[in-house]
Amino acid sequence: MKKWLPVIIYVIVIMLIFLNKEQLIIWIQRRDSTNIMAIMIIATLFALFPVVPYGLFAGALGAKFGFFTGGIINILASTCAALIMFLIFRYSFSGPARRMIARYQRVEHFTKMFEANAFLAVLFARLIPIIPAQVVNIYSAISRIKFITFTLATVLGKIPLMMTFALLGDQLFENTTNVVITIVLYSGFLLLVYVTYRALSK
């Protein structure tokens with residue numbers, strides 16, 4: 001029962017957020033909702049339980065607080081959510097999941113390669129947001145990657161995307177030209193990261 005307790009809590013919270021997501025978003029957007037700690041907690045919950053795409057929520061924070069403050073909240077909230085999910089799955093399912101992976105030679109081989117290059121693997125997975133963040137969190141927890149390695153790679157990898165979301169939100173209703181420029185520059189950054197990743201993987 002203890003093993004399933006975090007999962008039960010996870011399901012209950014995601015249901016509560018889903019049922020009240022509109023009210024929470026309205027509360028965030030109210031001009032008098034300036035309690036940063038409360039908003040940090042809600043932002044972490046939205047990152048942990050993605051009932052709406054977190055990019056939309058991150059953009060809303062940028063629109064409300066501006067590029068810098070909104071970006072910092074995005075980074076801290078999304079990182080906290082990643083670490084919470086990592087710990088839940090590391091201490092609840094890593095053993096059984098690892099034994100299941102061991103049955104499949106190719107998956108086991110991939111996992112060993114992932115562990116051997118853990119920092120870069122997580123970093124590039126964060127920088128190139130193709131793989132869902134939850135998948136990266138869970139797979140990292142199942143592997144034998146160290147917590148500190150996962151934390152550092154996650155923080156560094158989330159900075160460009162989370163700050164971009166905040167900048168887009170900040171500029172969306174003020175300067176659409178800057179929004180287009182930001183999207184183009186970030187796309188170029190992603191291309192550079194991808195080319196670097198392919199070069200290193202060879």
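Good morning. The mean pLDDT of this chain, where pLDDT is the predictor's confidence in each residue from 0 to 100, is 79, and 79% of the residues reach 70 or more. This is a predicted model, in which local features need pLDDT of at least 70 and side-chain atom pairs count only at pLDDT 80 or more, while totals for chains, interfaces and linings use all residues. Residues are numbered from 1 along each chain as its sequence is written, and side-chain values use heavy atoms, with hydrogens and water left out.

Confidence is lowest in helix 1 (residues 5-29), at a mean of 60, and highest in helix 4 (residues 67-92), at 92. Helices here are DSSP runs (H or I, at least four residues), numbered from the N terminus.

I turn now to the surface. Phe119, Leu120, Ile148, Leu152, Leu156 and Ile159 make up a nonpolar patch with about 500 Å² of accessible area together. Such a patch joins nonpolar side chains (Val, Leu, Ile, Met, Phe, Trp, Tyr) within 5 Å, from residues with over 30% relative accessible area and no salt bridge. A salt bridge is a side-chain nitrogen of Lys or Arg within 4 Å of a carboxyl oxygen of Asp or Glu. Accessible areas come from the Shrake-Rupley method with a 1.4 Å probe, and for residues only the protein chains shown count as cover.

Which elements give two or more residues to the nonpolar patch? They are helix 7 and helix 9. Helix 9 provides the largest share, four residues, whereas Leu120 lies in helix 7. Thank you.

Conventions
Patch = residues over 30% accessible without salt bridge, like charges linked within 9 Å, V, L, I, M, F, W, Y side chains within 5 Å.
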